[in-house]
Amino acid sequence: MKGVVAILVVAAAALAVAHRGPQAAAGDCGIPGTAPLWIDYAGHDAPIVPKPGMILAVSSGTVVPSQMRAAGAATIMFDLNLNNRVGTTLAPADPATIPAKAKRLFDFAVTVTGCEHPMIAENELFGAQTPTPWSTTNAQYRANVLLLLQELANLGATPAITIANPPYTGGDAAEWWREAAKAAILIRQVYFTSPGPKGLYKLGPERASRSMRKGMRGLISRFSEIGIPASRVALELQFQSAAGQGGRQGLQPRAAWLEFVKLEALAAKQVAAETKIQGIWSWGWPSFSTAGNDPDKGAAACVYLWTRDPKLCDGPKLAGVSFNKSLTVGQISLPAGVRCTLGPHSILKADVGRTAALTGDLGSASSALLQRVVLRAQMPVDPATVLAAERAIVRDRFGGSGSRYRASLAALHLSVRDARAIVADRIARDLVKARFRPRPPTSTQMAEFMTTYAGTQVRLVTASPEAPWLGGAARGLAIETIAPEEVFKLPQGRQRTIDTLDGRFRVRALGPALPLYALAPSSAANVARAVLGRFAKDAVYDRWLRTQQSALLANAVCARDDVPSTGDVDLTAWAPFLGA
(Lines give C-alpha, C1' and ligand atoms only; values in the text may rest on other atoms or scores of the structure.)
Protein backbone atom coordinates (compact mmCIF):
# COMPACT_ATOMS: atom_id res chain seq x y z
CA MET A 1 0.00 0.00 0.00
CA LYS A 2 1.63 3.21 -1.21
CA GLY A 3 2.60 5.62 1.56
CA VAL A 4 1.92 3.19 4.41
CA VAL A 5 5.61 2.72 5.17
CA ALA A 6 6.39 6.42 5.33
CA ILE A 7 3.32 7.24 7.41
CA LEU A 8 4.01 4.53 9.97
CA VAL A 9 7.72 5.42 10.20
CA VAL A 10 6.84 9.04 10.92
CA ALA A 11 4.21 7.98 13.44
CA ALA A 12 6.66 5.73 15.26
CA ALA A 13 9.24 8.50 15.39
CA ALA A 14 6.73 11.01 16.72
CA LEU A 15 5.50 8.65 19.41
CA ALA A 16 9.06 7.82 20.43
CA VAL A 17 10.01 11.50 20.72
CA ALA A 18 7.07 12.03 23.04
CA HIS A 19 8.59 9.49 25.44
CA ARG A 20 12.22 10.62 25.01
CA GLY A 21 14.42 9.89 28.04
CA PRO A 22 18.13 9.73 28.88
CA GLN A 23 20.48 8.30 26.23
CA ALA A 24 22.92 5.48 26.85
CA ALA A 25 26.50 6.65 27.20
CA ALA A 26 29.55 5.01 25.66
CA GLY A 27 31.55 2.99 28.12
CA ASP A 28 28.61 2.17 30.44
CA CYS A 29 28.83 -0.86 32.73
CA GLY A 30 32.24 -2.07 31.66
CA ILE A 31 31.48 -1.96 27.95
CA PRO A 32 34.28 -0.14 26.10
CA GLY A 33 33.42 3.09 24.38
CA THR A 34 35.52 2.28 21.34
CA ALA A 35 34.74 -0.07 18.46
CA PRO A 36 34.81 -2.81 17.54
CA LEU A 37 33.12 -4.54 20.44
CA TRP A 38 33.40 -8.33 20.66
CA ILE A 39 30.17 -9.73 22.09
CA ASP A 40 29.52 -13.43 22.64
CA TYR A 41 26.25 -15.14 23.46
CA ALA A 42 26.96 -17.02 26.70
CA GLY A 43 23.50 -18.06 27.83
CA HIS A 44 22.17 -21.60 28.41
CA ASP A 45 25.05 -24.12 28.28
CA ALA A 46 27.55 -22.04 26.26
CA PRO A 47 31.08 -23.31 27.10
CA ILE A 48 32.50 -19.84 27.70
CA VAL A 49 34.43 -19.03 30.88
CA PRO A 50 33.94 -15.37 31.84
CA LYS A 51 37.11 -13.27 32.01
CA PRO A 52 38.03 -9.59 32.05
CA GLY A 53 37.73 -8.08 28.59
CA MET A 54 34.72 -10.15 27.57
CA ILE A 55 31.25 -8.82 26.80
CA LEU A 56 28.78 -11.65 27.30
CA ALA A 57 25.16 -11.71 26.13
CA VAL A 58 22.54 -13.44 28.27
CA SER A 59 18.78 -13.79 27.97
CA SER A 60 17.56 -14.07 31.54
CA GLY A 61 18.43 -14.64 35.18
CA THR A 62 20.40 -12.60 37.64
CA VAL A 63 22.68 -15.08 39.42
CA VAL A 64 24.73 -16.25 36.41
CA PRO A 65 25.10 -12.75 34.91
CA SER A 66 26.19 -11.49 38.32
CA GLN A 67 28.82 -14.24 38.48
CA MET A 68 30.02 -13.27 35.01
CA ARG A 69 30.50 -9.70 36.11
CA ALA A 70 32.24 -10.83 39.29
CA ALA A 71 34.73 -12.66 37.03
CA GLY A 72 35.44 -9.40 35.22
CA ALA A 73 33.16 -9.68 32.17
CA ALA A 74 30.55 -7.14 31.11
CA THR A 75 27.02 -8.37 30.40
CA ILE A 76 24.31 -7.33 27.96
CA MET A 77 20.72 -8.45 27.35
CA PHE A 78 19.89 -10.69 24.38
CA ASP A 79 16.11 -10.76 23.98
CA LEU A 80 14.85 -13.94 22.33
CA ASN A 81 11.19 -12.87 22.41
CA LEU A 82 10.90 -10.00 19.98
CA ASN A 83 7.76 -11.43 18.39
CA ASN A 84 6.03 -11.47 21.80
CA ARG A 85 6.56 -7.73 22.01
CA VAL A 86 5.82 -6.51 18.49
CA GLY A 87 3.85 -9.36 16.92
CA THR A 88 4.54 -10.85 13.52
CA THR A 89 4.32 -9.72 9.91
CA LEU A 90 0.85 -11.29 9.64
CA ALA A 91 -0.40 -10.41 13.12
CA PRO A 92 1.31 -7.25 14.40
CA ALA A 93 0.72 -6.17 17.99
CA ASP A 94 -1.36 -3.11 18.88
CA PRO A 95 1.15 -0.23 18.57
CA ALA A 96 -0.36 1.41 21.64
CA THR A 97 1.08 -1.43 23.74
CA ILE A 98 4.69 -0.98 22.56
CA PRO A 99 5.82 1.80 24.96
CA ALA A 100 4.74 -0.18 28.02
CA LYS A 101 6.39 -3.34 26.69
CA ALA A 102 9.56 -1.43 26.03
CA LYS A 103 9.58 -0.14 29.61
CA ARG A 104 9.10 -3.64 31.04
CA LEU A 105 11.88 -5.01 28.82
CA PHE A 106 14.19 -2.16 29.79
CA ASP A 107 13.60 -2.71 33.51
CA PHE A 108 14.15 -6.45 33.08
CA ALA A 109 17.39 -5.81 31.19
CA VAL A 110 18.63 -3.53 33.97
CA THR A 111 18.02 -6.36 36.46
CA VAL A 112 19.73 -8.98 34.30
CA THR A 113 22.75 -6.90 33.32
CA GLY A 114 23.15 -4.88 36.53
CA CYS A 115 23.49 -1.83 34.29
CA GLU A 116 21.38 1.33 34.40
CA HIS A 117 21.89 1.85 30.68
CA PRO A 118 21.92 -1.68 29.29
CA MET A 119 22.66 -2.84 25.78
CA ILE A 120 19.64 -4.83 24.54
CA ALA A 121 19.79 -6.96 21.41
CA GLU A 122 16.49 -8.03 19.82
CA ASN A 123 16.44 -11.41 18.05
CA GLU A 124 15.39 -11.33 15.25
CA LEU A 125 13.66 -9.23 12.60
CA PHE A 126 11.11 -11.15 10.53
CA GLY A 127 10.91 -10.61 6.77
CA ALA A 128 13.97 -8.41 6.34
CA GLN A 129 14.03 -9.44 2.68
CA THR A 130 10.42 -8.39 1.94
CA PRO A 131 10.27 -5.82 -0.87
CA THR A 132 8.01 -2.81 -0.83
CA PRO A 133 5.19 -2.03 -1.14
CA TRP A 134 4.49 -3.84 2.11
CA SER A 135 1.15 -5.22 3.10
CA THR A 136 -0.71 -3.29 5.79
CA THR A 137 0.16 -5.90 8.43
CA ASN A 138 3.83 -6.04 7.45
CA ALA A 139 4.09 -2.25 7.48
CA GLN A 140 2.55 -2.18 10.97
CA TYR A 141 4.95 -4.88 12.14
CA ARG A 142 7.93 -2.83 10.90
CA ALA A 143 6.52 0.27 12.58
CA ASN A 144 6.19 -1.68 15.82
CA VAL A 145 9.78 -2.88 15.64
CA LEU A 146 11.02 0.63 14.96
CA LEU A 147 8.96 2.05 17.81
CA LEU A 148 10.28 -0.58 20.25
CA LEU A 149 13.87 0.23 19.32
CA GLN A 150 13.26 3.96 19.62
CA GLU A 151 11.53 3.56 22.99
CA LEU A 152 14.41 1.49 24.36
CA ALA A 153 16.89 4.12 23.19
CA ASN A 154 14.87 6.89 24.76
CA LEU A 155 14.82 5.00 28.07
CA GLY A 156 18.62 5.01 28.04
CA ALA A 157 19.41 1.62 26.50
CA THR A 158 21.63 0.86 23.50
CA PRO A 159 19.30 -1.27 21.35
CA ALA A 160 20.39 -3.63 18.60
CA ILE A 161 18.51 -5.97 16.30
CA THR A 162 19.66 -9.09 14.49
CA ILE A 163 18.95 -9.59 10.77
CA ALA A 164 19.14 -13.07 9.25
CA ASN A 165 17.98 -12.57 5.66
CA PRO A 166 19.45 -10.24 3.02
CA PRO A 167 17.70 -6.94 3.73
CA TYR A 168 15.61 -5.36 1.02
CA THR A 169 16.79 -1.76 1.01
CA GLY A 170 15.07 -0.40 -2.08
CA GLY A 171 12.10 1.92 -2.34
CA ASP A 172 10.41 3.09 0.86
CA ALA A 173 12.20 0.35 2.81
CA ALA A 174 15.44 2.35 2.70
CA GLU A 175 13.95 5.02 4.94
CA TRP A 176 12.84 2.38 7.47
CA TRP A 177 16.39 1.01 7.64
CA ARG A 178 17.84 4.49 8.09
CA GLU A 179 15.45 5.25 10.94
CA ALA A 180 16.15 1.87 12.54
CA ALA A 181 19.89 2.52 12.37
CA LYS A 182 19.43 5.85 14.15
CA ALA A 183 17.84 4.04 17.08
CA ALA A 184 19.69 0.71 17.09
CA ILE A 185 22.72 -1.25 15.94
CA LEU A 186 21.88 -3.38 12.89
CA ILE A 187 23.42 -6.81 13.48
CA ARG A 188 23.76 -8.67 10.21
CA GLN A 189 24.07 -12.42 10.70
CA VAL A 190 26.87 -14.04 8.68
CA TYR A 191 26.17 -17.28 6.85
CA PHE A 192 28.45 -19.03 4.38
CA THR A 193 26.26 -20.92 1.95
CA SER A 194 27.90 -20.95 -1.49
CA PRO A 195 30.37 -22.29 -0.79
CA GLY A 196 29.64 -23.40 2.75
CA PRO A 197 32.24 -24.20 5.40
CA LYS A 198 33.19 -27.48 3.70
CA GLY A 199 33.77 -25.82 0.35
CA LEU A 200 35.59 -22.86 1.88
CA TYR A 201 37.93 -25.08 3.85
CA LYS A 202 38.89 -26.95 0.68
CA LEU A 203 39.97 -23.69 -0.92
CA GLY A 204 42.87 -23.37 1.50
CA PRO A 205 43.48 -20.60 4.04
CA GLU A 206 44.33 -17.83 1.56
CA ARG A 207 41.33 -18.20 -0.73
CA ALA A 208 38.94 -19.14 2.08
CA SER A 209 39.95 -16.10 4.12
CA ARG A 210 39.63 -13.84 1.11
CA SER A 211 36.16 -15.19 0.34
CA MET A 212 35.00 -14.71 3.93
CA ARG A 213 36.33 -11.17 4.12
CA LYS A 214 34.72 -10.19 0.85
CA GLY A 215 31.42 -11.69 1.98
CA MET A 216 31.51 -9.75 5.24
CA ARG A 217 32.33 -6.49 3.48
CA GLY A 218 29.39 -7.10 1.17
CA LEU A 219 27.00 -7.42 4.11
CA ILE A 220 28.20 -4.10 5.50
CA SER A 221 28.13 -2.30 2.17
CA ARG A 222 24.46 -3.21 1.70
CA PHE A 223 23.72 -0.68 4.43
CA SER A 224 26.39 1.87 3.55
CA GLU A 225 24.89 2.10 0.05
CA ILE A 226 21.77 3.69 1.55
CA GLY A 227 23.65 6.05 3.82
CA ILE A 228 23.92 4.02 7.02
CA PRO A 229 27.38 4.45 8.58
CA ALA A 230 29.38 1.34 9.40
CA SER A 231 29.47 2.42 13.05
CA ARG A 232 25.75 1.52 13.22
CA VAL A 233 26.32 -1.97 11.80
CA ALA A 234 27.65 -5.15 13.41
CA LEU A 235 28.28 -8.70 12.19
CA GLU A 236 27.11 -11.83 14.01
CA LEU A 237 29.16 -14.97 13.31
CA GLN A 238 27.38 -18.30 13.47
CA PHE A 239 28.79 -21.32 15.31
CA GLN A 240 25.79 -23.65 15.57
CA SER A 241 26.37 -27.37 15.22
CA ALA A 242 22.85 -28.55 14.31
CA ALA A 243 22.37 -29.18 10.59
CA GLY A 244 20.70 -26.48 8.53
CA GLN A 245 21.36 -23.63 10.95
CA GLY A 246 24.61 -22.22 9.59
CA GLY A 247 27.79 -22.62 11.57
CA ARG A 248 29.64 -25.93 11.30
CA GLN A 249 27.38 -27.54 8.69
CA GLY A 250 28.98 -30.94 9.17
CA LEU A 251 32.56 -29.82 8.55
CA GLN A 252 34.92 -32.64 9.57
CA PRO A 253 37.36 -33.58 10.92
CA ARG A 254 37.67 -31.69 14.18
CA ALA A 255 40.93 -30.04 13.10
CA ALA A 256 39.28 -28.66 9.96
CA TRP A 257 36.44 -27.11 11.98
CA LEU A 258 38.81 -25.51 14.47
CA GLU A 259 40.94 -24.11 11.65
CA PHE A 260 37.79 -22.70 10.04
CA VAL A 261 36.73 -21.06 13.32
CA LYS A 262 40.15 -19.43 13.58
CA LEU A 263 40.09 -18.17 9.99
CA GLU A 264 36.56 -16.80 10.38
CA ALA A 265 37.55 -14.91 13.53
CA LEU A 266 40.61 -13.49 11.77
CA ALA A 267 38.52 -12.47 8.76
CA ALA A 268 36.05 -10.66 11.01
CA LYS A 269 38.89 -8.96 12.86
CA GLN A 270 40.38 -7.67 9.61
CA VAL A 271 37.06 -6.42 8.23
CA ALA A 272 36.11 -4.76 11.52
CA ALA A 273 39.41 -2.89 11.59
CA GLU A 274 38.97 -1.74 7.99
CA THR A 275 35.34 -0.69 8.13
CA LYS A 276 35.04 0.54 11.75
CA ILE A 277 31.80 -1.33 12.37
CA GLN A 278 30.23 -1.38 15.84
CA GLY A 279 31.31 -4.91 16.63
CA ILE A 280 31.56 -8.62 16.04
CA TRP A 281 28.95 -10.74 17.79
CA SER A 282 29.00 -14.52 18.04
CA TRP A 283 26.05 -16.89 18.33
CA GLY A 284 25.57 -20.64 18.48
CA TRP A 285 27.80 -21.68 21.38
CA PRO A 286 24.95 -23.34 23.38
CA SER A 287 23.61 -26.63 22.05
CA PHE A 288 19.90 -25.62 22.43
CA SER A 289 18.85 -29.15 21.37
CA THR A 290 20.06 -32.71 21.05
CA ALA A 291 20.85 -32.02 17.40
CA GLY A 292 23.11 -29.20 18.51
CA ASN A 293 25.22 -31.33 20.85
CA ASP A 294 28.84 -31.17 19.74
CA PRO A 295 31.85 -32.54 21.66
CA ASP A 296 34.04 -29.98 19.86
CA LYS A 297 31.98 -26.99 21.01
CA GLY A 298 34.25 -26.11 23.93
CA ALA A 299 37.42 -26.28 21.85
CA ALA A 300 35.82 -24.22 19.08
CA ALA A 301 34.73 -21.50 21.51
CA CYS A 302 38.19 -21.44 23.06
CA VAL A 303 39.91 -21.19 19.67
CA TYR A 304 37.57 -18.35 18.72
CA LEU A 305 38.37 -16.43 21.90
CA TRP A 306 42.11 -17.14 21.65
CA THR A 307 42.24 -15.96 18.05
CA ARG A 308 41.11 -12.48 18.97
CA ASP A 309 42.94 -12.32 22.32
CA PRO A 310 45.22 -15.09 23.65
CA LYS A 311 44.49 -13.98 27.23
CA LEU A 312 40.87 -15.11 26.93
CA CYS A 313 41.52 -18.83 26.41
CA ASP A 314 44.32 -21.25 25.56
CA GLY A 315 43.04 -22.29 22.15
CA PRO A 316 46.05 -24.36 21.03
CA LYS A 317 45.94 -26.41 24.25
CA LEU A 318 42.30 -27.40 23.78
CA ALA A 319 42.68 -27.82 20.02
CA GLY A 320 45.54 -30.32 20.30
CA VAL A 321 48.93 -30.79 18.70
CA SER A 322 47.60 -30.90 15.11
CA PHE A 323 46.21 -27.38 15.37
CA ASN A 324 47.88 -24.73 13.22
CA LYS A 325 48.69 -21.91 15.65
CA SER A 326 49.58 -19.40 12.94
CA LEU A 327 47.56 -16.19 13.12
CA THR A 328 49.04 -14.86 9.89
CA VAL A 329 48.23 -17.63 7.41
CA GLY A 330 45.70 -16.39 4.87
CA GLN A 331 45.78 -12.86 6.26
CA ILE A 332 46.47 -9.54 4.58
CA SER A 333 50.04 -8.70 5.50
CA LEU A 334 51.78 -6.67 2.84
CA PRO A 335 55.11 -4.84 2.76
CA ALA A 336 54.96 -1.06 2.59
CA GLY A 337 54.00 0.17 -0.86
CA VAL A 338 52.80 -3.22 -2.12
CA ARG A 339 49.25 -3.61 -3.41
CA CYS A 340 49.39 -7.36 -4.15
CA THR A 341 51.77 -10.23 -3.61
CA LEU A 342 51.56 -13.07 -6.13
CA GLY A 343 53.91 -15.71 -4.81
CA PRO A 344 57.42 -14.39 -5.53
CA HIS A 345 56.00 -11.49 -7.55
CA SER A 346 54.31 -8.28 -6.46
CA ILE A 347 52.29 -5.35 -7.81
CA LEU A 348 53.26 -2.01 -6.30
CA LYS A 349 50.76 0.67 -5.30
CA ALA A 350 52.83 3.32 -7.06
CA ASP A 351 52.77 1.36 -10.33
CA VAL A 352 48.99 0.94 -10.08
CA GLY A 353 48.56 4.63 -9.39
CA ARG A 354 50.66 5.72 -12.38
CA THR A 355 48.96 3.22 -14.69
CA ALA A 356 45.52 4.31 -13.47
CA ALA A 357 46.44 7.88 -14.46
CA LEU A 358 46.55 6.51 -18.02
CA THR A 359 43.52 4.18 -17.94
CA GLY A 360 41.31 6.25 -15.67
CA ASP A 361 40.54 3.49 -13.18
CA LEU A 362 42.38 1.25 -10.75
CA GLY A 363 40.73 -1.97 -11.96
CA SER A 364 42.06 -1.92 -15.51
CA ALA A 365 45.42 -0.70 -14.23
CA SER A 366 45.71 -3.62 -11.81
CA SER A 367 44.70 -6.13 -14.50
CA ALA A 368 47.28 -4.74 -16.93
CA LEU A 369 49.99 -5.07 -14.29
CA LEU A 370 48.88 -8.62 -13.50
CA GLN A 371 49.39 -9.44 -17.18
CA ARG A 372 52.81 -7.78 -16.99
CA VAL A 373 53.81 -10.08 -14.13
CA VAL A 374 52.84 -13.11 -16.23
CA LEU A 375 54.68 -11.87 -19.31
CA ARG A 376 57.85 -10.90 -17.45
CA ALA A 377 58.01 -14.36 -15.88
CA GLN A 378 57.35 -16.16 -19.18
CA MET A 379 59.18 -13.97 -21.69
CA PRO A 380 61.72 -11.43 -20.36
CA VAL A 381 62.51 -8.77 -22.98
CA ASP A 382 66.04 -7.47 -23.52
CA PRO A 383 66.22 -3.69 -22.74
CA ALA A 384 68.10 -3.16 -26.00
CA THR A 385 65.12 -4.56 -27.89
CA VAL A 386 62.80 -2.14 -26.09
CA LEU A 387 65.05 0.82 -26.91
CA ALA A 388 65.15 -0.19 -30.56
CA ALA A 389 61.37 -0.36 -30.62
CA GLU A 390 61.20 3.07 -29.00
CA ARG A 391 63.50 4.53 -31.66
CA ALA A 392 61.22 3.09 -34.34
CA ILE A 393 58.20 4.73 -32.71
CA VAL A 394 59.93 8.12 -32.59
CA ARG A 395 61.05 7.74 -36.22
CA ASP A 396 57.83 6.45 -37.75
CA ARG A 397 55.21 8.26 -35.69
CA PHE A 398 56.87 11.48 -34.57
CA GLY A 399 59.08 12.25 -37.56
CA GLY A 400 62.17 11.50 -35.53
CA SER A 401 61.31 14.20 -32.94
CA GLY A 402 62.06 13.03 -29.42
CA SER A 403 60.51 16.18 -27.96
CA ARG A 404 57.19 15.52 -29.71
CA TYR A 405 57.29 11.95 -28.46
CA ARG A 406 57.88 13.03 -24.85
CA ALA A 407 55.18 15.68 -25.11
CA SER A 408 52.68 13.04 -26.23
CA LEU A 409 53.67 10.87 -23.29
CA ALA A 410 53.25 13.78 -20.88
CA ALA A 411 49.77 14.49 -22.24
CA LEU A 412 48.83 10.92 -21.23
CA HIS A 413 50.54 11.22 -17.82
CA LEU A 414 53.13 8.68 -18.95
CA SER A 415 56.82 8.77 -18.09
CA VAL A 416 59.40 7.50 -20.56
CA ARG A 417 60.06 4.60 -18.19
CA ASP A 418 56.39 3.59 -18.11
CA ALA A 419 56.12 3.93 -21.88
CA ARG A 420 59.05 1.56 -22.31
CA ALA A 421 57.35 -0.90 -19.96
CA ILE A 422 54.23 -0.81 -22.16
CA VAL A 423 56.38 -1.43 -25.25
CA ALA A 424 58.05 -4.36 -23.44
CA ASP A 425 54.59 -5.75 -22.63
CA ARG A 426 53.63 -5.69 -26.29
CA ILE A 427 56.87 -7.31 -27.44
CA ALA A 428 56.57 -10.03 -24.80
CA ARG A 429 52.95 -10.63 -25.77
CA ASP A 430 53.94 -11.10 -29.42
CA LEU A 431 56.80 -13.44 -28.53
CA VAL A 432 54.50 -15.57 -26.37
CA LYS A 433 51.90 -15.74 -29.14
CA ALA A 434 54.57 -16.90 -31.58
CA ARG A 435 54.99 -20.08 -29.54
CA PHE A 436 51.41 -21.22 -30.08
CA ARG A 437 50.36 -23.64 -32.80
CA PRO A 438 46.60 -23.26 -33.18
CA ARG A 439 44.42 -25.38 -35.44
CA PRO A 440 44.93 -24.34 -39.09
CA PRO A 441 42.18 -22.34 -40.84
CA THR A 442 39.66 -24.10 -43.05
CA SER A 443 39.70 -23.79 -46.83
CA THR A 444 36.52 -21.70 -46.65
CA GLN A 445 38.11 -19.25 -44.24
CA MET A 446 41.17 -18.93 -46.46
CA ALA A 447 39.11 -18.34 -49.58
CA GLU A 448 37.09 -15.62 -47.85
CA PHE A 449 40.30 -13.95 -46.67
CA MET A 450 41.91 -13.93 -50.14
CA THR A 451 38.76 -12.40 -51.62
CA THR A 452 38.40 -9.72 -48.95
CA TYR A 453 42.08 -8.73 -48.78
CA ALA A 454 43.12 -9.22 -52.40
CA GLY A 455 44.77 -5.77 -52.50
CA THR A 456 46.94 -6.26 -49.42
CA GLN A 457 50.64 -5.72 -50.11
CA VAL A 458 53.13 -8.53 -49.42
CA ARG A 459 56.92 -8.83 -49.89
CA LEU A 460 59.38 -11.71 -49.72
CA VAL A 461 62.15 -10.93 -47.18
CA THR A 462 64.66 -12.48 -44.79
CA ALA A 463 65.12 -11.26 -41.23
CA SER A 464 67.67 -11.86 -38.49
CA PRO A 465 66.85 -12.64 -35.77
CA GLU A 466 63.63 -14.49 -36.57
CA ALA A 467 60.82 -11.93 -36.63
CA PRO A 468 57.36 -12.23 -35.05
CA TRP A 469 55.90 -10.39 -38.07
CA LEU A 470 57.17 -13.29 -40.20
CA GLY A 471 55.43 -15.79 -37.94
CA GLY A 472 58.62 -16.40 -35.99
CA ALA A 473 60.54 -17.34 -39.17
CA ALA A 474 63.76 -16.01 -40.73
CA ARG A 475 62.34 -15.97 -44.29
CA GLY A 476 58.85 -15.42 -45.58
CA LEU A 477 56.26 -13.05 -46.95
CA ALA A 478 55.96 -9.83 -44.96
CA ILE A 479 52.34 -8.70 -44.91
CA GLU A 480 51.13 -5.11 -44.95
CA THR A 481 49.71 -3.88 -41.59
CA ILE A 482 51.53 -6.72 -39.81
CA ALA A 483 55.15 -6.15 -40.86
CA PRO A 484 56.91 -2.78 -40.22
CA GLU A 485 56.44 -0.06 -42.85
CA GLU A 486 60.23 0.12 -43.35
CA VAL A 487 60.21 -3.40 -44.80
CA PHE A 488 58.24 -2.17 -47.81
CA LYS A 489 60.62 0.79 -48.37
CA LEU A 490 63.83 -1.26 -48.58
CA PRO A 491 65.67 -1.35 -51.92
CA GLN A 492 65.40 -4.78 -53.49
CA GLY A 493 68.38 -7.04 -52.77
CA ARG A 494 69.81 -4.76 -50.09
CA GLN A 495 70.16 -5.69 -46.42
CA ARG A 496 69.62 -3.06 -43.76
CA THR A 497 69.35 -2.94 -40.01
CA ILE A 498 66.05 -1.39 -39.01
CA ASP A 499 64.46 -0.52 -35.68
CA THR A 500 60.91 -1.84 -35.47
CA LEU A 501 58.21 -1.95 -32.84
CA ASP A 502 59.40 -5.49 -32.11
CA GLY A 503 63.06 -4.57 -31.78
CA ARG A 504 66.07 -4.37 -34.13
CA PHE A 505 66.35 -6.65 -37.20
CA ARG A 506 68.65 -7.10 -40.20
CA VAL A 507 66.26 -7.35 -43.14
CA ARG A 508 66.91 -8.14 -46.83
CA ALA A 509 64.22 -7.58 -49.46
CA LEU A 510 64.27 -10.52 -51.87
CA GLY A 511 61.60 -9.18 -54.20
CA PRO A 512 59.24 -6.27 -54.87
CA ALA A 513 56.08 -5.50 -52.93
CA LEU A 514 53.09 -7.07 -54.66
CA PRO A 515 49.35 -7.19 -54.06
CA LEU A 516 48.03 -10.48 -52.73
CA TYR A 517 46.07 -11.17 -55.91
CA ALA A 518 49.32 -11.07 -57.94
CA LEU A 519 50.82 -14.03 -56.12
CA ALA A 520 50.62 -17.63 -57.21
CA PRO A 521 47.61 -19.34 -55.60
CA SER A 522 49.85 -21.39 -53.32
CA SER A 523 51.73 -18.29 -52.14
CA ALA A 524 48.49 -16.37 -51.59
CA ALA A 525 47.22 -19.33 -49.59
CA ASN A 526 50.34 -19.17 -47.43
CA VAL A 527 49.68 -15.48 -46.72
CA ALA A 528 46.06 -16.19 -45.79
CA ARG A 529 47.16 -19.05 -43.59
CA ALA A 530 49.69 -16.83 -41.81
CA VAL A 531 47.25 -13.98 -41.11
CA LEU A 532 44.42 -16.25 -40.01
CA GLY A 533 46.89 -18.16 -37.86
CA ARG A 534 47.81 -14.89 -36.18
CA PHE A 535 44.16 -14.27 -35.36
CA ALA A 536 43.85 -17.80 -33.99
CA LYS A 537 46.90 -17.22 -31.82
CA ASP A 538 45.16 -14.22 -30.27
CA ALA A 539 42.37 -16.49 -29.05
CA VAL A 540 44.84 -19.09 -27.77
CA TYR A 541 46.79 -16.36 -26.02
CA ASP A 542 43.71 -15.10 -24.20
CA ARG A 543 42.93 -18.57 -22.84
CA TRP A 544 46.57 -19.15 -21.91
CA LEU A 545 46.84 -15.77 -20.18
CA ARG A 546 43.73 -16.30 -18.06
CA THR A 547 45.02 -19.69 -16.96
CA GLN A 548 48.37 -18.21 -15.95
CA GLN A 549 46.73 -15.29 -14.15
CA SER A 550 44.30 -17.53 -12.27
CA ALA A 551 47.17 -19.67 -11.04
CA LEU A 552 48.91 -16.58 -9.67
CA LEU A 553 45.73 -15.27 -8.05
CA ALA A 554 44.94 -18.55 -6.29
CA ASN A 555 47.10 -17.58 -3.32
CA ALA A 556 47.38 -13.85 -3.97
CA VAL A 557 47.25 -11.39 -1.10
CA CYS A 558 45.95 -7.95 -2.03
CA ALA A 559 45.05 -4.86 -0.06
CA ARG A 560 41.38 -5.09 0.96
CA ASP A 561 41.22 -8.28 -1.14
CA ASP A 562 40.97 -6.14 -4.26
CA VAL A 563 42.26 -8.89 -6.55
CA PRO A 564 42.87 -7.89 -10.19
CA SER A 565 40.54 -9.28 -12.84
CA THR A 566 41.99 -11.68 -15.38
CA GLY A 567 42.23 -10.98 -19.11
CA ASP A 568 44.26 -9.15 -21.73
CA VAL A 569 44.32 -5.43 -20.89
CA ASP A 570 46.49 -3.88 -23.59
CA LEU A 571 47.68 -0.46 -22.42
CA THR A 572 48.38 0.59 -26.01
CA ALA A 573 44.60 1.03 -26.29
CA TRP A 574 45.13 4.21 -24.25
CA ALA A 575 48.45 5.06 -25.95
CA PRO A 576 47.97 3.85 -29.56
CA PHE A 577 51.28 5.22 -30.83
CA LEU A 578 53.08 2.69 -28.60
CA GLY A 579 51.29 -0.21 -30.28
CA ALA A 580 52.11 -2.27 -33.32
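Trainee: What makes aspartate 430 and arginine 426 a salt bridge?

Mentor: In this predicted model, their closest N and O atoms are 3.8 Å apart. The cut-off is within 4 Å, so the pair counts as a salt bridge. Both residues lie in helix H16, 4 residues apart, about one turn of the helix, and both are buried.

Trainee: Why is arginine 429 called buried, and why is aspartate 568 called partly exposed?

Mentor: Arginine 429 has a relative accessible area of 5%. Buried means under 20%, so arginine 429 is buried. Aspartate 568 has 33%, which falls between 20% and the 50% above which a residue is exposed, so aspartate 568 is partly exposed. The two form a salt bridge, with the closest N and O atoms 3.5 Å apart. Arginine 429 is in helix H16 and aspartate 568 in the segment after S16, so the pair ties together parts 139 residues apart in sequence.

Trainee: How do you know that aspartate 561 is buried?

Mentor: Its relative accessibility is 4%, and the limit is under 20%, so aspartate 561 counts as buried. Aspartate 561 forms a salt bridge with arginine 213, the closest N and O atoms being 2.6 Å apart. Arginine 213, at 2%, also counts as buried.

Methods:
Residues numbered from 1 in each chain as written. Predicted model: local features only at pLDDT ≥ 70, side-chain atom pairs only at ≥ 80, totals over all residues. Heavy atoms only, no water. Salt bridge = Lys/Arg side-chain N within 4 Å of Asp/Glu carboxyl O. Buried < 20%, exposed > 50% of the residue type's maximum accessible area, 1.4 Å probe, protein only. Helix = DSSP H or I, 4+ residues; strand = E, 2+ residues; numbered from the N terminus.
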